[in-house]
Amino acid sequence: MADIALPVSAVETAARREARIAWLLASPAIVLMLVFIVLPTIAVIVLGFTDFELGYGSFRFVGLENYADLISDRTFRRSLWNTTVYTAIVTPISIVLGLGIALLIESEPRGRNFFRTVYFLPVASLLVAMATVWQYLFHPSIGPLNTFLALFGIAGPNWLGASSTVLYGLSIIGIWQSVGFNMVLFMAGLTAIPRELYSAAEVDGAQSAIDRFRLVTWPMLGPTTLFVTTISVINSVKVFETVKTLTEGGPNKASEMLLFTIYQEGFVYLKVGYASAMTVVFLAILVVLMILQYRFLDRQVHYT
Amino acid sequence: MTQPLTLGRVFRLALLSLGALIFLAPYIFMISTAGKDQSEIFSASLSLIPQHFAYMANFTKALTRVSMPNLLLNGVIVCGLILVLQVVVAVPCAYAMAKLKFGAARILMAAVMLGLLVPIHAAALPLYVAFDKLALLNSYTALVAPFSISVFGIFLFLQFFRAMPDDLIHAARLDGMSEAGIVARVIVPNAWPAVTAFAIFSVVAHWNDLFWPLIVVTNQSYATPPLGVLFFLAAEAGDDYGALMAATLIITLPLVIAFLLAQKRFVEGITMTGLKG
């Protein structure tokens, strides 16, 4: 009996020892996760139900008052709308350009590294610094862009200074900054497509490049495209650097965007409770986007 | 593999080159304008070569208005500390989750997946209040601490460690190595591609981050590069684009040089971290 019991308990001790070591190795991560992710997220949800303002000693729970205020807050509504427009411009264009450039580079043996480097360069550049270059490029009177347009007799707009064009100006910068990232992801997706599929498609009568794209490349790129789309949307929703550096939400709130509005309310006006409610809306948007991605992913046919 | 130069290829090359020119335009104008004096900038000419080279004057202005060495040093300190902490915290945790059996592994996995969803922007308000109460605003601690945990790092390392053969670890155990020793001397050296990929991802993200430094730092001596650009813009007020472009050039250069030197690693790193799905 003892002969049988001994190895069992030895195995048990070993398992317990392993679990103890695992806890030990994971504990710094667990503690930090609690302190910097879990607790703040819970706190932001709770604060969203209060009228907490930094600098005032006391605060009280106000229920859904903040959310009711948000619905009628014109700045916040403007901000949501602008973020939607910005995302609706930047995401599709940067995906199509990223895919187009990836296809062109893949089909062209010459200069592959050079082009990849050039298009990727904005991803590796300090966006806040490059935004000031764009400010100069967009300058209404001395900016190279309008000087160039004037050569053709076109009077360029006051890109970042007029409420009718400021979103387009910021979108151009956003596209310029994100195309390289999408391109690199698409290039990785393209190299993963087995060559035989193309020859097979050709045998089946797909003669033109467009047919081959429609029948092989596009369906095979499905998972990549979905991922690039999600990440592009999320990154667009998170636009902040260019807004803060170049427009401060102006002129006339024409470039108010979600994160900038949260920053302004929470960290400039110190209305923490109200800004927390905005943050919860922001988080909800991210959660919905992720759920949509998983939904799509579930329905997707995996070819590989 | 030399193909004949067909009409299609010429068209493709032309298209790619035109696009490349547009993408490079900001850099070209940045370098050009950094060498122009005020009067030439205001003449709004499209000529790229400055008439009288004002590089010296503009760079002197850029270097004296805001302390550039201090900004860059802060950037290096903050990014370096963040990276070291993230790796030191995430690697053991990912190892435990991938190769050791313990009860919390599944809950931890769920926490990691949820954590991936929560950006710093969501946690920023409570963290700001806490740092304010602790009188920790304007410090390296405030800049670094919230990023010491990277759930994305855990996720990335976890994927990588799972693919590692168990024999490697068993062999090390038979040699009498402790689990901590295994992490340091077996896992990390073998996970080097994942560590470099993560390092590039982390440094690019935090070198560029404006949101959090903007919130916790008002004192110029703790400013990171993006914050420095804002201070420079505020100090400049006018349209001294020559000096501004010179400052931009200095501040953009370190990461761009790093990218040009290690492009393959950069692109690999971004693709690897990008295709986390």
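UniProt positions are given here in the numbering used for this structure, with feature names shortened, and annotations may be inferred rather than shown by experiment. Residues count from 1 along each chain as its sequence is written, while chains are lettered from A and ligands numbered from 1 in the order in which they are written. The model is predicted: local features need pLDDT of at least 70, side-chain atom pairs count only at pLDDT 80 or more, and totals for chains, interfaces and linings use all residues.

**Exercise 1. Find the annotated domain in chain A and describe its secondary structure.**

Step 1: The unreviewed UniProt entry places "domain: ABC transmembrane type-1" at residues 80-293 of chain A.

Step 2: Helices (H or I, at least four residues) and strands (E, at least two) are DSSP runs, numbered from the N terminus. Residues 80-293 of chain A are 74% helix and 0% strand, and the end C-alpha atoms of this span lie 21 Å apart.

Step 3: The unreviewed entry also lists "transmembrane region" at several places in chain A, including residues 167-193 and 272-292. Residues 167-193 of chain A are 93% helix, with end C-alpha atoms 37 Å apart. Residues 272-292 of chain A are 100% helix, and there the ends are 30 Å apart.

**Exercise 2. Work out whether chain B is spread out or a compact globule.**

Step 1: Count the elements: chain B has 15 helices and zero strands.

Step 2: Compare sizes, taking the radius of gyration over C-alpha atoms and the globule rule as 2.2 Å times the number of residues to the power 0.38. For the 277 residues of chain B the rule gives 19 Å, but the radius of gyration is 24 Å, well over that value, so chain B is more spread out than a compact globule.

**Exercise 3. Describe how chain B touches chain A.**

Step 1: Residues are in contact if their C-beta atoms, placed from the backbone, lie within 7 Å. On this basis, 79 residues of chain B contact 75 residues of chain A.

Step 2: Helix α1 (residues 7-33) of chain B supplies the largest share of chain B's side, 13 residues.

Step 3: Sort by class: Ala, Val, Leu, Ile, Met, Phe, Trp, Tyr, Cys and Pro are nonpolar, Asp, Glu, Lys and Arg charged, and the others, Gly among them, polar. Chain B's side has 60 nonpolar, 14 polar and five charged residues.

Terms used:
Contact = placed C-beta atoms within 7 Å.
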